[in-house]
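I would ask you to keep the model in view while I speak.

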Amino acid sequence: MTYLETTAEFYSEVAQTPEVGLCCVQSSPLQLPGLKIPQQMQEMNYGCGTTVHQAELINEPTVLYVGVGGGLEALQFAYFSRRPGRIIAVDPVKAMREAATRNLESAAQDNPWFDPSFIDIRDGDAFNLPVPDASVDVVAQNCLFNIFEPEDLTKALQEAYRVLKIGGRLIMSDPIATRPIPDHLRQDERLRAMCLSGALTYNEYIQHLVHVGFGQVEIRARRPYRLLDCQSYQLDEPLLLESLDSVAFKVPIPEDGACIFTGKTAIYSGSQEVFDDNAGHVLQKGLPASVCDKTAANLGTSKDILITDSTWHYTGGGCC
Ligand SMILES: C[S@@+](CC[C@H](N)C(=O)[O-])C[C@H]1O[C@@H](n2cnc3c(N)ncnc32)[C@H](O)[C@@H]1O
């Protein structure tokens with residue numbers, strides 16, 4: 001069996017017998033006015049963060065959701081795009097598609113605004129998405145791409161890039177590792193399927209996004225996810241995994257490199273009222289302006305500009 005087959009088999013098992021807390025973090029699923037999440041759908045929350053960010057979902061976007069799981073996030077996306085077929089949810093695991101279908105039918109009983117026709121569940125996988133080029137506004141995946149080996153991750157990201165419209169966004173939530181995960185864990189297919197041993201470091205993860213052409217990446221959240229202890233995982237030191245929520249935009253990569261926003265700001269404190277670097281960045285004295293990491297590094301060379309730390313929470317605005 002390949003690791004992808006092991007993964008499919010594992011998710012077939014947990015579709016039939018839900019494993020509460022398999023991938024989840026301590027936070028409860030996003031609550032929205034008038035949205036009721038069925039119990040069995042909540043028990044199948046196999047995501048490590050969230051991909052449903054309100055600001056991303058204006059104008060009823062078409063969403064392609066990769067790896068439907070129990071259907072929780074597909075339902076949350078449908079909350080914002082209430083039209084037949086507006087959410088396309090793909091999963092190669094038959095038992096998972098069946099579980100999601102059941103859960104969504106149950107959601108329709110409790111949510112008068114929701115009709116299961118809003119979500120079109122299709123057989124397909126991350127490497128061969130069943131939609132044409134440049135046809136969707138949003139691609140989302142939660143706690144799936146971290147399972148992929150690096151070459152397969154590149155293929156999945158290229159496929160997401162292919163189906164997105166220009167300016168469209170790839171919204172992801174995945175575990176990342178605070179240091180490289182040793183080979184004996186990376187090669188454990190079951191741990192990989194459980195989202196515990198395939199994670200890349202933050203820099204590797206972002207590099208993969210830029211490598212396939214995403215010109216702007218914004219970090220929405222970064223939090224502790226799991227601690228792999230020495231005894232259970234044969235490690236010299238415990239290894240902290242974090243979960244990273246990000247949004248990557250299908251826009252051209254600027255000549256001087258991609259813009260990665262991690263919540264840094266630049267604050268000018270010199271003798272003028274305004275600082276202008278003549279490269280598009282104008283800072284009002286004393287006022288923080290959000291900047292991408294590249295601009296932060298450039299502006300940070302000036303003694304009159306303070307660069308604040310990454311908050312790992314950026315939702316737009318600033319001077320880049
Ligand atoms: C960790 S679960 C996450 C489920 C869901 N995103 C959530 O947040 O609850 C991974 C999901 O990806 C599906 N999956 C496994 N291999 C896949 C592949 N190659 N392409 C797309 N989905 C896949 C599994 O069946 C499962 O539904």
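How closely do the axes of helix α5 and helix α8 come, and at what angle do they cross? Before the answer, two remarks on conventions. Each chain is numbered from 1 along its sequence as written. The model is predicted: local features require pLDDT of at least 70, side-chain atom pairs count only at pLDDT 80 or more, and totals for chains, interfaces and linings use all residues.

The axes of α5 (residues 150–163) and α8 (residues 202–211) come within 9 Å and cross at roughly 45°. Axes here are lines fitted to C-alpha atoms, for helices over the stretch in contact, with angles from 0 to 180 degrees between N-to-C directions. Helices are DSSP runs of H or I with at least four residues, strands are E runs of at least two, and both are numbered from the N terminus. The angle therefore makes α5 oblique to α8; under 35 degrees counts as roughly parallel, over 145 as roughly antiparallel, 65 to 115 as roughly perpendicular, and the rest as oblique. From α5, L153, T154 and L157 make the contact, and from α8, H208, L209 and H211, where contact requires C-beta atoms, placed from the backbone, within 7 Å.

The second pair is α1 and helix α4 (residues 94–110), whose axes lie 7 Å apart at an angle of about 30°. That is why α1 counts as roughly parallel to α4. Y11, S12, A15 and Q16 of α1 meet A95, M96 and A99 of α4.

Helix α1 also brings us to the ligand. Around the ligand stand 26 residues, of which Y11, G47, G67, G69 and D125 come nearest; a residue is near if its C-beta atom, placed from the backbone, lies within 6 Å. The elements giving two or more residues to this shell are α1 (3–16), α3 (72–80) and β2 (87–91). With four residues, α1 provides the largest share.

Finally, the annotation. The unreviewed UniProt entry places "domain: Methyltransferase type" at residues 64–172; such positions follow the numbering used here, feature names are shortened, and annotations may be inferred rather than shown by experiment. The end C-alpha atoms of residues 64–172 lie 12 Å apart, and the span is 37% helix and 27% strand.

Methods:
Contact = placed C-beta atoms within 7 Å.
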